[in-house]
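Let's take a walk through this protein together. Have the fold in view as you read.

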Amino acid sequence: MVNLTDRIDHVLGAKAAKPLHEAFGIETVEDLLRHYPNRYATQGQPLTDAEPEEGAHITVVGDIVKADLVPMKSRRGFLLKVVVASERQRVDATFFNGKQVSYVVKTGRRAMMSGTVKYFRERWSLSHPSYLILPDHDDDALTTAPLHGGGNFAAIARNARGGGADMAIFDRALIPVYPATAKVESWDIVFCVRQVLDQLGTVDDPLPQSIRQRHGLIGLDEALRLVHFPETRNDV
């Protein structure tokens, strides 16, 4: 069993732990579990802030409602202009290797995209984001559909096809989205947190049960698990 004070490199290995330390100063299991999601992606919810800051690294999950190949003006080749949408928001994204990705990044598919916000004429978009084409919502697709990904998400798709990544996370009602960087994606953190929570022993609560009951507080163990993988909005 893993404890909150255990070093993260002893639990996850140095390869996974080093980027977490460099990006966020994470050294222990508790440091990782205190790196909370800043939102939860789900259908019908806004994909991100209405006007994120220039240069912010963001992750969106939604349905591809538009995917058009457009000839480049200054050189040969095609751009793929994509719109990812929820019920309440639309996010533009552009791929420079348009023809190479157009066979998987296409309308009707559900996708996770992650990239850097760039503004042009007061309108923002994601430029050449990493992408992961997600399984459909039905249960069979979670185990039978091949996954495709590019950029920082290419390895996730390969691991999923080989059985090394649990894609059932994307069939959850609420998908955690974490503060991230170009080198440590939100989905990298999901993998790490899921692995740690699977090994975590029961966390002792700092407050006596009588005080928790008096004030209607859940325990620390339950809170640390629910903040990362809530089942409902009430959990959040």
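What follows looks at one helix, then the cores, then the pockets.

Keep in mind that this is a predicted model. Quite a few of its residues are tucked away: Ser 186, Trp 187, Ile 189, Val 190, Cys 192, Val 193, Val 196 and Leu 197 are buried.

Now for the largest nonpolar core, which has 35 residues. Val 29, Leu 32 and Leu 33 touch the most other members. Two or more residues come from each of α1, α2, α3, β9, α7 and α9, and α7 gives the largest share, with seven residues. Take Leu 33: among the residues it touches are Val 193, Val 196, Leu 197 and Leu 224. There's also a second, separate core of 20 residues, including Ile 64, Val 84, Met 113 and Val 117.

On to the open spaces. The largest pocket holds about 420 Å³, and 16 residues line it. Lys 81, Asp 92, Thr 94, Phe 120 and Ser 125 lie nearest its centre. Strands β3, β4, β5 and β6 each give two or more residues to that lining, which divides into eight nonpolar, three polar and five charged residues.

The second largest pocket, at about 320 Å³, brings us back to α7: both α2 and α7 supply at least two lining residues here. Cys 192, buried in α7, is one of the residues lining this pocket.

Definitions and conventions: Residues numbered from 1 in each chain as written. Predicted model: local features only at pLDDT ≥ 70, side-chain atom pairs only at ≥ 80, totals over all residues. Heavy atoms only, no water. Buried < 20%, exposed > 50% of the residue type's maximum accessible area, 1.4 Å probe, protein only. Helix = DSSP H or I, 4+ residues; strand = E, 2+ residues; numbered from the N terminus. Core = buried A, V, L, I, M, F, W, Y, C linked by side-chain atoms within 4.5 Å. Contact = heavy atoms within 4.5 Å. 1 Å grid on protein atoms, 1.4 Å probe; cavity = no way out; pocket = protein on both sides within 12 Å on 5 of 7 lines; lining within 4 Å. Points joined across faces, edges and corners; volume = space filled by probe spheres on them. Nonpolar A, V, L, I, M, F, W, Y, C, P; charged D, E, K, R; others polar. Lists of a residue's contacts leave out its neighbours within four places in sequence.
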